[in-house]
Amino acid sequence: MASREDDEDDIDPVKMLFPLDEKHGHNTLSVPPLQDTASEQQLQQHYIGSIQSTLVIRQLPSQGLSFKLWPAATTLVTLLDQHRCQPSTSSLITVFTNGPDSRPLNILELGSGTGLVGMAAAAILGAKVTVTDLPHVIPNLQFNVDTNAGLFSLQGGTVHVAPLRWGEVDDVELVGRGFDVILASDIVYHDHLYDPLLETLRLFLNSGVKEKKMTFVMAHLKRWKKDSVFFKRAKKLFNVEIIHVDNPCNGSRIGVVVYRMTGKATKIS
Ligand SMILES: C[S@@+](CC[C@H](N)C(=O)[O-])C[C@H]1O[C@@H](n2cnc3c(N)ncnc32)[C@H](O)[C@@H]1O
């Protein structure tokens, strides 16, 4: 599929960060704060049709962008849900190639934020998932994982929470490299983060471990022209293809795009 990140105009980021609503398959519930420091918190429910279960996330919008759900996350959750229902027609068919009797998938999520994508992967695929983010985001991520822990274990999945700062080799060493798939949503937004993120991806995808080829799947909603710089640099390091494009919604001109990236055979760290 052709790449489309080179020819879009700038998009209003405020408009694209709309609070998600019922039209997208989930509800936002305002509840009283649990702690004095959390002046505004929202619990949001996400129904996963393929397993007839509901995940709940706590958002703390007043604490910054890491504490709310971004639009591309729901696209990945929807694709995972569809994959479980109809794997043969799924956009993720080239990503999750394990047969029904294979060992559980080992999945890493980068920049997890509220953790919805990683938790959905654990519940839908019965996978062993590690969700990661900056250290100050970990307590809310752990809260969300603890809240939904019963659901993962019912489905045979597990979720582990770990700090992982992009560009930090030591953090990559700590989580290890034994993953089948890396997931992420809406993690390309500040240009100063492009190179640290690409370095972390390079360490995983181009690690030179021949028997362990990892696939990176990233859902992205383009907001700024400069996002293209990230993809141009990524194409030099990895094989990049588009596996899904959402229809635009809420008055925007483009929808969420899902990319699949794999290491180039010649690159060895
Ligand atoms: C726009 S939010 C998206 C959150 C979540 N993936 C979603 O789609 O709802 C970007 C995430 O990347 C994380 N992040 C930003 N810089 C990072 C870095 N240097 N290392 C690791 N994570 C980072 C943020 O903390 C935040 O959770």
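**Reading the model, term by term**

Analyst: Happy to. Let's begin with helix α3, which is largely enclosed by the rest of the structure, because 10 of its 10 residues are buried. Those buried residues are L116, V117, G118, M119, A120, A121, A122, A123, I124 and L125. Please keep in mind that this is a predicted model.

User: Why are α2 and α3 called roughly parallel to each other?

Analyst: Compare the angle with the cut-off. The axes of α2 (residues 71-85) and α3 (residues 116-125) cross at roughly 5 degrees and come within 9 Å. Angles under 35 degrees count as roughly parallel, and α2 and α3 are therefore described that way.

User: Which residues make the contact between α2 and α3, and how do they divide by class?

Analyst: On the α2 side they are A73, L76, V77, L80, D81 and R84, and these meet L116, V117, A120, A121, I124 and L125 in α3. By class, the contact has 10 nonpolar residues, two charged and no polar.

User: What makes F67 buried?

Analyst: The count of neighbours decides. A residue is buried if 20 or more other C-beta atoms lie within 10 Å of its own. F67 has 22, so F67 is buried. You will find F67 in the loop between β3 (53-59) and α2.

User: Which residues does F67 touch?

Analyst: Leaving out residues up to four places away in sequence, F67 touches Q59, L60, P61, T114 and N140. F67 and T114 are 47 residues apart in sequence, yet their C-alpha atoms are 5.9 Å apart in space.

User: Is Q52 buried or exposed, and how do you know?

Analyst: The cut-off for exposed is 12 or fewer C-beta neighbours. Q52 has 7 inside 10 Å, so Q52 counts as exposed. Q52 sits in the loop between β2 (41-48) and β3. Its phi is also worth a look: near 45 degrees, a positive value in a residue other than glycine.

User: And D186: buried or exposed, and why?

Analyst: D186 has 24 other C-beta atoms within 10 Å, so D186 is buried, the cut-off being 20 or more. D186 lies in the loop between β7 (181-185) and α6 (194-205). Although not a glycine, D186 has a positive phi of about 50 degrees.

User: What is the phi of G126, which follows α3?

Analyst: The phi of G126 is positive, near 60 degrees.

User: Which residues are closest to the ligand, and how does the shell divide by class?

Analyst: The closest are S66, A73, G111, G113 and S185, among 22 residues that surround the ligand. The shell has 13 nonpolar, six polar and three charged residues. A73 is also one of the α2 residues in the contact with α3.

User: To finish, what are the overall numbers for the protein?

Analyst: There are seven helices and 10 strands. Of the 269 residues in the protein, buried ones make up 41%. Among contacts with a separation of 6 or more, 67% are between residues 24 or more positions apart.

Technical notes. Residues numbered from 1 in each chain as written. Predicted model: local features only at pLDDT ≥ 70, side-chain atom pairs only at ≥ 80, totals over all residues. Near = placed C-beta within 6 Å. Nonpolar A, V, L, I, M, F, W, Y, C, P; charged D, E, K, R; others polar. Axes fitted to C-alpha atoms, helices over the stretch in contact; angles between N-to-C directions. Helix = DSSP H or I, 4+ residues; strand = E, 2+ residues; numbered from the N terminus. Parallel < 35°, antiparallel > 145°, perpendicular 65-115°, else oblique. Contact = placed C-beta atoms within 7 Å.
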